[in-house]
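Have the model open while you read.

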Amino acid sequence: MNFSLKSLFKKKADTVYAALLVSESSGRVLYIKPDGATGMQVLGTQKLRLHAGWDGLIDDLDDALYNLDTTHKVRVNELILFVSDFHVEVQTRVLHKPFSKTIKDITKHLDLQPIGFIECYEAVLRNYRARNLQDARHAIMLEFEQEHVSVMVVVADAVVHHDKIARLDDWLGSINTS
């Protein structure tokens with residue numbers, strides 16, 4: 001699996017990054033490195049258990065990083081965040097303060113340098129653009145979380161509508177209200 005995030009990485013092709021993807025109830029850590037031909041190459045992945053919810057995220061992440069370090073015989077120092085729409089303020093596109101504080105705690109306790117963040121839907125769009133797929137020029141993207149659904153409408157490579165709506169038992173009805 002490859003990602004096209006070349007613009008985020010200005011370092012050597014042999015640099016390995018930890019990428020963290022967390023949602024309200026689960027998470028995943030990926031070890032990725034630049035790949036000149038296709039963008040980014042995923043070297044390995046580890047699911048986060050989140051036994052104690054977000055309160056135990058640092059310990060769960062530390063365990064996952066140790067497993068990936070051991071498997072791939074590399075120590076990562078830099079962290080990239082793949083964030084869901086749930087973690088970003090719609091108007092300002094800034095991380096919500098509780099999540100931002102959690103990330104600061106993670107980087108401090110685990111001695112990681114945060115590189116930045118990219119929203120999941122942006123990563124998908126960039127991947128399509130890098131592969132020159134015309135399908136990405138116009139799309140409706142949905143992001144489901146436990147408590148809400150995000151709807152993004154993409155026209156000519158730009159998000160023209162972005163809305164978060166409460167997720168009801170009738171999720172299709174939730175989307176229709178948007």
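Thr-102 sits in helix α2, which covers residues 97-109; helices here are DSSP runs of H or I with at least four residues, strands are E runs of at least two, and both are numbered from the N terminus. Because its relative accessibility is 19%, Thr-102 counts as buried (under 20% relative accessible area; exposed is over 50%, partly exposed in between, with a 1.4 Å probe and protein chains only). Setting aside neighbours within four places in sequence, Thr-102 is in contact with Trp-54 and Leu-57, where contact means heavy atoms within 4.5 Å.

A word on the source: this is a predicted model, with local features needing pLDDT of at least 70 and side-chain atom pairs counting only at pLDDT 80 or more, while totals for chains, interfaces and linings use all residues. Numbering runs from 1 along each chain as its sequence is written, and side-chain values use heavy atoms, leaving out hydrogens and water.

Leu-57 brings us to helix α1, residues 57-72. Leu-57 is buried there, as are Asp-60, Leu-61, Ala-64, Leu-65, Leu-68 and Asp-69.

| α1 property | Value |
|---|---|
| Length | 16 residues |
| First to last C-alpha | 22 Å |

Zooming out, the protein has four helices and nine strands, ordered β-β-β-β-α-β-α-β-α-β-β-β-α along the sequence. Of its 178 residues, 41% are buried. Among contacts between residues at least 6 apart in sequence, 53% join residues at least 24 apart.

Conventions: Expected span 1.5 Å × (residues − 1).
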